[in-house]
Amino acid sequence: MTRTRTLLMHRMAGSIQNQNLGAPVVIVQGFLGTTAAWIWGNFDHYLNFDSKFPRRTIFVSVGPVSSLHDRACELYYALMGGTVDYGLEHSEAHKHARYGRHISEGQYPEWSPTRPLHFIAHSIGGPTVIKLLHLIKQGHFGPSAHAQMILSINAISAPFRGTQLVYLLGERADAAPAVRPLSFGSILGKWVHILSYMAPLLPQALDFHGDCRSLTYRDISFFSLLKQLWTSDWAESRDAAPFDVSCQAVDERESDGEGVIDPNIFYQSHVAVMTRRRSESVKFHIPALSHIASPLMYISSRLVGKFDFSTLRPSPSFLAQRGDSDCAARPELDMGEEYWANDGVVPVFSQWHPLPCRLTRCRHLVDGQLDEDRTTPSPGIWHVNREEDAHHMSLVPLWTGTDRQKQWWRRLGQWLASVEESR
Ligand SMILES: [Zn+2]
Ligand SMILES: [Zn+2]
């Protein structure tokens, strides 16, 4: 088939889509997530269960350990095509090349306010899309990019406001982005460097998008690799995913206006919870015993559920603003339990939405409200759904074919259709 004919068919498909099909869905994966669409299973069968014409799904490839800024840039160019531009100011500040890889054919080059996209984002995919919106509004991608290109943001287990797990895995609580030696984070960082060094020989599933950092054996000597394994210029920098989920990075982003609601975009978050309160006297949480079948998640949930936020330096804004020295010393007595209730990876307060409730627009749905709100979604407000007895991977990305997953995808498909009807 000639390229012209392919393009023609692509355009025809686009015009049919405008007439009959819903807006396509972009899947943005989380930390260490790659383009392994097969893990997600046949979710699209249930996503399209109630519609006559199947909605197109687009999996994008963005840096699995990269910073939100770098991921958001890669996301934009993966859809539009072109050479990934991280921006002059950003690249100078973080000492990497301004330009990344060239994408000769974007996955949705017709993306525009008249052909907007839905985003389904798992874990750090959530704050990645928030960063994308922020960069669009700042003019990072030029005048043709517009916030109305984003029709809806649908986040699952997203650490919008960070997670204490990053400190448990190695980030220094008193000196982020430094990483503790021999911690999980430190070892993972070394593996990322080794795999990036060998990148030209490896399959796409191990693509760490290190193009702008010149990390492969074609770019650097073996001695330079050893230097990176000793102290990483990437993993222990402010321009990497671990730092971006620290409380310090979240406070910096929020004070910069990132995460402010756009009145035209439809927002919903799905908050997974696998814990219950440990006792009446403290707000700490423990995982339900039924989750012991996922031992790593069970252990991390226990640790997240009793984290001592008073060890963090600088003190996170949600702690510092309370102003009471007793509370700052024993936050588990005074703060809401949502800081410790968690899905094994992310605390509940962080999964809700960016910014505290008092500084954004949100509706936290309880069971009775669910159906009514799904049929009449409103733009410019976060619809916060709670998913009880679910861990970080219960809904996505790992398809297990449970009734819960099938129903969840089906409801999501209905919600996306309602969004389009209420525009
Ligand atoms: Zn960067
Ligand atoms: Zn809220």
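**Entry 1: a helix pair**

Helices (H or I, at least four residues) and strands (E, at least two) are DSSP runs numbered from the N terminus.

Next I checked the geometry: the axes of α7 (residues 184-197) and α8 (residues 222-230) come within 9 Å and cross at roughly 160°. Axes are lines fitted to C-alpha atoms, for helices over the stretch in contact, with angles from 0 to 180 degrees between N-to-C directions. That crossing makes α7 roughly antiparallel to α8 (the term covers angles over 145 degrees).

A note on provenance: this is a predicted model, where local features need pLDDT of at least 70 and side-chain atom pairs count only at pLDDT 80 or more, while totals for chains, interfaces and linings use all residues. Residues are numbered from 1 along each chain as its sequence is written, and chains are lettered from A and ligands numbered from 1 in the order in which they are written.

**Entry 2: the sheet**

I then traced an open sheet of seven strands, ordered β2-β1-β5-β6-β7-β11-β10, with parallel pairing; two strands pair if DSSP finds at least two bridges between them. β2 (57-59) and β10 (362-364) are at the edges with a single partner strand each, so one side of each has no neighbour in the sheet. Within the sheet, five bridges join β6 (residues 150-156) to the parallel β7 (residues 266-273), and N154 has Q268 in β7 as its bridge partner. Helix α17 (residues 403-421) packs on the sheet, touching β5 (117-122), β6 and β7, and its direction makes about 155° with that of β6.

**Entry 3: R71**

Is R71 buried or exposed? R71, in helix α3 (residues 68-80), is buried, with 27 other C-beta atoms within 10 Å; the cut-off for buried is 20 or more. Leaving out residues up to four places away in sequence, R71 touches V62, G63, S66 and T128.

**Entry 4: α10**

Last, I found C247, Q248, A249, V250 and R253 buried in α10 (residues 247-255). The buried residues of α10 pack against α9 (241-244).

Key: Two residues are in contact if their C-beta atoms, placed from the backbone, lie within 7 Å. Angles under 35 degrees count as roughly parallel, over 145 as roughly antiparallel, 65 to 115 as roughly perpendicular and the rest as oblique. A residue is buried if 20 or more other C-beta atoms lie within 10 Å of its own, exposed if 12 or fewer, and partly exposed in between; C-beta atoms are placed from the backbone.
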